[in-house]
Amino acid sequence: FYLSNSLTECQEVSSFTVHILYDDTYPNSIAARDSVYNQFRNKFACIECQDGDFSCGLSPGVALTATKHDQYRLPMDVVPRALSWFMQFRTARVGSSDVDLDIAVHPDTELGPRGDFFQYRVWGGRNHPVDTNNIYQDNPSLGFGITTDEQDDNIWAYTCSSDATGEGHWVDLCSSPPWAPGTTCREEMLGAHIHLYYQQNNHKSVAAKDMFRKLATEEFWS
């Protein structure tokens with residue numbers, strides 16, 4: 001996997017880092033973080049680096065975690081399965097915790113951990129602190145602050161019984177693999193898609209979107 005850095009040069013990426021974003025002043029959030037760690041190490045080979053960073057070395061098939069279990073470094077052969085796992089088990093419903101967690105994911109490059117986090121991270125979890133509805137309106141303006149959406153837009157994924165025949169033959173959809181616990185979502189990822197957010201009334205933003213599509217097409221579909 002190759003990534004273009006800030007110098008527009010391509011470099012090989014051999015690992016990704018997952019950050020577990022939690023409230024360290026809230027016991028339930030800390031407990032959720034620890035629950036994710038315990039479930040992760042039962043599912044994947046994982047080594048804890050005792051010095052608090054990832055200097056203990058990375059090897060294929062084995063993830064690394066920091067001592068607080070708030071960061072995980074994933075070798076490329078683990079990334080497809082582990083990322084889909086984190087995306088689902090960060091939620092309280094799947095992870096059997098009291099609260100949701102958020103995650104941030106980025107590749108590990110020569111920019112270093114801080115540079116990678118601020119330059120390349122992808123957010124997963126609650127609505128991002130930036131209100132994207134305001135960003136992409138005709139008269140864009142930034143709106144900050146996390147909003148709470150009480151409507152469960154994904155309730156369909158947690159409906160564990162189905163009468164597909166319409167004849168009263170209810171089937172349990174959630175009790176066995178390949179589904180994540182308590183859901184009809186696959187625990188093993190079959191694929192993924194990416195949403196690009198851009199300003200339709202900003203020619204530079206549109207040009208950036210078009211350039212991204214062109215480069216992605218040349219890299220993966222040409």
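Guide: A crossing is right-handed if the near helix is turned clockwise from the far one by less than a right angle, and left-handed if anticlockwise. This is a predicted model: local features need pLDDT of at least 70, side-chain atom pairs count only at pLDDT 80 or more, and totals for chains, interfaces and linings use all residues. Residues are numbered from 1 along each chain, and side-chain values use heavy atoms, without hydrogens and water.

Visitor: Which hand does the crossing of α1 and α2 have?

Guide: Right-handed. Both helices are DSSP runs (H or I, at least four residues), numbered from the N terminus.

Visitor: Why are α1 and α2 called roughly antiparallel?

Guide: The axes of α1 (residues 27–43) and α2 (residues 79–89) cross at roughly 150° and come within 12 Å. Axes are lines fitted to C-alpha atoms over the stretch in contact, with angles from 0 to 180 degrees between N-to-C directions. Over 145 degrees counts as roughly antiparallel. The two helices are therefore roughly antiparallel.

Visitor: What makes the contact between α1 and α2?

Guide: V36, Q39, F40 and K43 of α1 meet R81, A82, W85, F86 and F89 of α2. Contact means heavy atoms within 4.5 Å. The residues divide into six nonpolar, one polar and two charged.

Visitor: How do you know whether α2 is mostly covered or exposed?

Guide: Buried means under 20% relative accessible area (1.4 Å probe, protein chains only). Eight of the eleven residues of α2 are buried, so α2 is mostly covered. Among them are V79, L83 and W85. The cover includes β3, α1, β6, α3 and β7.

Technical notes:
Angles under 35 degrees count as roughly parallel, over 145 as roughly antiparallel, 65 to 115 as roughly perpendicular and the rest as oblique. Ala, Val, Leu, Ile, Met, Phe, Trp, Tyr, Cys and Pro count as nonpolar, Asp, Glu, Lys and Arg as charged, and the others, Gly among them, as polar. Buried means under 20% relative accessible area, exposed over 50%, partly exposed in between (1.4 Å probe, protein chains only).
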